[in-house]
Amino acid sequence: MPRLAKIVLAILLRVSIKLKRQKYQEEEMDSQKRARLLRPTKLSEDEKRKIISAIFAKDPSVFTDDQDLQKVIKNRLGWVDAPQRMRSKLPEIKEFAAKVKEEFSEIVLCGMGGSSLFPLALTKIFGPEEGWPNFNVLDTTDPEEIAKIEEKDLKKTLFIIASKSGTTIETLTQFHYFWEKVSQITDNPGSHFVAITDEGTPLHKEGEEKAFLKVFLNPKDIGGRYAALTYVGLLPAALMGLEVERFLDKAQEMQEACSPDIPWELNPAAWLSEYMAEHFFLGHDKLTIMADPLLRPFSLWIEQLVAESLGKEFTGIIPIVGESPGSPTVYGPDRVFVYLGLRGRQDLYRRLFSDLKEAGFPLKQYFLDDRYELGAECFRWELAVALCGVWLGLNPFDEPDVIRAKKKTKEVLDTFVKTGDFPIEFYVDDDLDVGFLYAGGLKVQYPRLRAVMKKLLYETPPWGYFAFLPFLPYDPEIEEIFTDLRTLLRGRRQCSTIMGFGPRYLHSIGQLFKGGPRSGRFFIFTRKGRREDQIIPEFGFTFWDLEFAQAYGDFQALSEDNRPVLHIHLTDNYIEDLKKFYQFMEEVTRLTEDDT
């Protein structure tokens with residue numbers, strides 16, 4: 001089909017689906033929720049200035065009239081002046097980093113979600129400067145990833161235990177496990193551990209009792225996903241030998257550019273928030289974030305910020321990151337695009353962007369002068385997302401549905417500790433020889449994976465999205481297979497796709513899956529691979545047990561909310577299983593496409 005014809009077809013498809021999509025979005029909201037929506041284009045310049053002034057003044061009344069909720073939100077607005085507050089901490093951070101550089105060759109940050117994603121982006125975008133320790137982010141309970149850390153020279157390894165609450169189960173199990181390992185090789189294990197937490201948490205107390213090398217107490221009025229410009233991000237940056245002042249300088253420049261005194265049309269965060277919200281009201285709820293490959297890891301931080309802040313009350317903006325670029329014909333009518341690039345590399349996707357604009361897709365581009373401007377982007381996105389909370393009538397600082405998966409995980413683990421077994425019986429697929437479970441309205445006459453998959457594909461609307469959620473090791477080959485799966489489904493169904501490693505996604509986009517619109521279709525993957533030698537002290541189970549329980553716990557949480565979900569349990573030869581699964585999906589999607 002000629003290129004112009006494909007573009008015309010894409011435009012016609014968007015027009016034909018738009019009314020259905022908006023009707024669906026309205027049905028998801030109750031009348032009380034719709035009454036709280038606030039379109040920025042309907043407000044005067046003065047009204048919008050008052051809203052942004054209230055946020056800068058840390059006035060929670062702009063988000064809600066509920067007095068009790070205002071008290072909670074008040075204690076989550078500390079990010080507004082974080083660049084100024086953290087500047088006085090830089091000498092302490094840099095002095096500590098210099099000391100660590102002389103004593104350790106490896107650093108392992110144990111954290112999840114808001115405590116790990118910005119440091120993860122720094123490791124992949126910058127990496128440690130020459131002469132500084134290797135920096136590793138451990139944000140998983142996968143036994144193979146744990147084993148990789150065990151292989152390091154623990155005598156020269158420093159562990160950073162990062163948790164705002166001080167009770168995050170993944171982080172605590174990692175701490176207890178490696179504390180025992182370090183205790184076996186030194187009489188002073190505390191000298192190998194550092195904590196980043198809030199004052200008064202169990203981790204704070206344990207860090208003092210066990211004589212940690214250092215305990216960094218983060219501001220209590222800053223939530224995890226808004227904490228990039230605190231110790232959470234600045235300490236790892238310093239330990240990589242990066243110029244931490246430059247991050248704060250760039251953040252403060254953006255803060256000043258976004259102040260209430262700046263006209264709305266010139267305010268970088270205000271315009272981003274209006275762009276996201278107005279397109280949401282038009283039915284474009286899939287915020288597709290594309291990035292220069294040199295900046296792409298930062299998209300994971302944006303993904304959490306948007307998903308966890310704005311995916312609740314059966315509504316929200318759905319961030320799509322990590323998809324391979326495609327022609328306009330593979331994108332559905334619910335897409336809106338943001339591109340983050342570097343100056344000097346503006347031509348990287350010029351043809352694609354031209355095609356997207358020609359096909360009528362909204363596209364906003366931002367170009368950074370250098371990588372340190374990520375500090376500015378942190379503030380821009382934090383303020384823009386907070387403003388979107390006002391427009392969508394949401395509290396952007398809570399995560400009310402995350403707790404359900406945690407409770408389910410605890411129930412599964414408690415049963416395992418008591419009985420020594422998981423009370424789960426999988427169906428076995430004859431074609432792939434893997435186990436599977438299904439729920440959330442996916443009723444078929446016989447429990448066959450092919451029948452379940454065909455039903456799921458048939459019943460997914462064009463504005464739906466598919467989420468691939470592997471509780472597997474961080475392996476480039478695994479990522480490539482899932483990238484191919486995403487491209488396959490997007491091309492044949494024109495639906496958006498998400499991919500998130502478990503349990504990482506439970507602390508980033510998991511809130512959206514359980515609290516956002518019911519348009520998601522979920523594929524959870526686990527595999528055999530329990531390691532008897534990885535029993536976690538004081539917990540009584542292994543990392544594989546924890547990982548499996550988290551996966552099944554999320555399966556239960558999604559199914560109880562009647563969200564279509566498949567749990568596929570692979571063998572210990574899981575990479576070959578995934579390759580077979582791709583071939584299976586290629587066949588099923590082709591047959592479904594032909595039937596349609």
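This is a predicted model: local features need pLDDT of at least 70, side-chain atom pairs count only at pLDDT 80 or more; totals for chains, interfaces and linings use all residues.
Residues are numbered from 1 along each chain as its sequence is written, and side-chain values use heavy atoms, with hydrogens and water left out.

(Buried means under 20% relative accessible area, exposed over 50%, and partly exposed in between, using a 1.4 Å probe and protein chains only.) Glutamine 494 sits in the loop between α19 (476-493) and β13, and has a positive phi of about 55° despite not being a glycine. (Helices are DSSP runs of H or I with at least four residues, strands are runs of E with at least two, and both are numbered from the N terminus.) Lysine 58 also has a positive phi, near 60°. You'll find lysine 58 in the loop between α3 (45-56) and α4 (67-74), and at 18% relative accessibility it counts as buried. Now look at the loop between β13 (496-499) and α20 (510-515), where proline 503 has its place. The peptide bond from glycine 502 to proline 503 is cis, with omega near 0°.

**View B. Strand β11 and its two partners.**
Five of the five residues of β11 (residues 435-439) are buried, so the strand is largely enclosed by the rest of the structure. One side carries Gly435, Leu437 and Ala439, the other Phe436 and Tyr438, and all of these are buried. Strand β10 (residues 427-428) runs antiparallel to β11 and is joined to it by two bridges. (Two strands pair if DSSP finds at least two bridges between them.) Valine 428 stands opposite glycine 435. The β10-β11 hairpin has six residues between the strands, and there aspartate 433 takes a positive phi near 60°. Strand β15 (residues 565-570) pairs with β11 over five bridges, again in the antiparallel sense. In β15, histidine 569 is the bridge partner of glycine 435.

β1 pairs with β2 (residues 134-138) in the parallel sense, over five bridges, and cysteine 110 has leucine 138 of β2 as its bridge partner. Cysteine 110 is buried at a relative accessible area of 0%; cysteine 495 is buried at 2%.

(Axes are lines fitted to C-alpha atoms, for helices over the stretch in contact, and angles run from 0 to 180 degrees between N-to-C directions.) Six bridges link β8 (residues 335-342) to β9, and tyrosine 339 has glutamine 365 as its bridge partner in β9.

**View E. Helix α9 against helix α21.**
α9 (residues 169-183) and α21 (residues 543-560) pack at about 175°, with axes 12 Å apart. That makes the two roughly antiparallel. (Under 35 degrees counts as roughly parallel, over 145 as roughly antiparallel, 65 to 115 as roughly perpendicular and the rest as oblique.) Ile169, Glu170, Thr173, Gln174 and Tyr177 in α9 meet Phe543, Leu546 and Gln550 in α21. (Contact means heavy atoms within 4.5 Å.) By class, this contact has four nonpolar, three polar and one charged residues. (Ala, Val, Leu, Ile, Met, Phe, Trp, Tyr, Cys and Pro count as nonpolar, Asp, Glu, Lys and Arg as charged, and the others, Gly among them, as polar.)

**View F. Serine 273 in helix α13.**
Serine 273 lies in α13 (residues 268-281) and is buried, with a relative accessible area of 0%. Leaving out residues up to four places away in sequence, serine 273 touches Trp264, Ala384, Leu387, Cys388 and Trp391.
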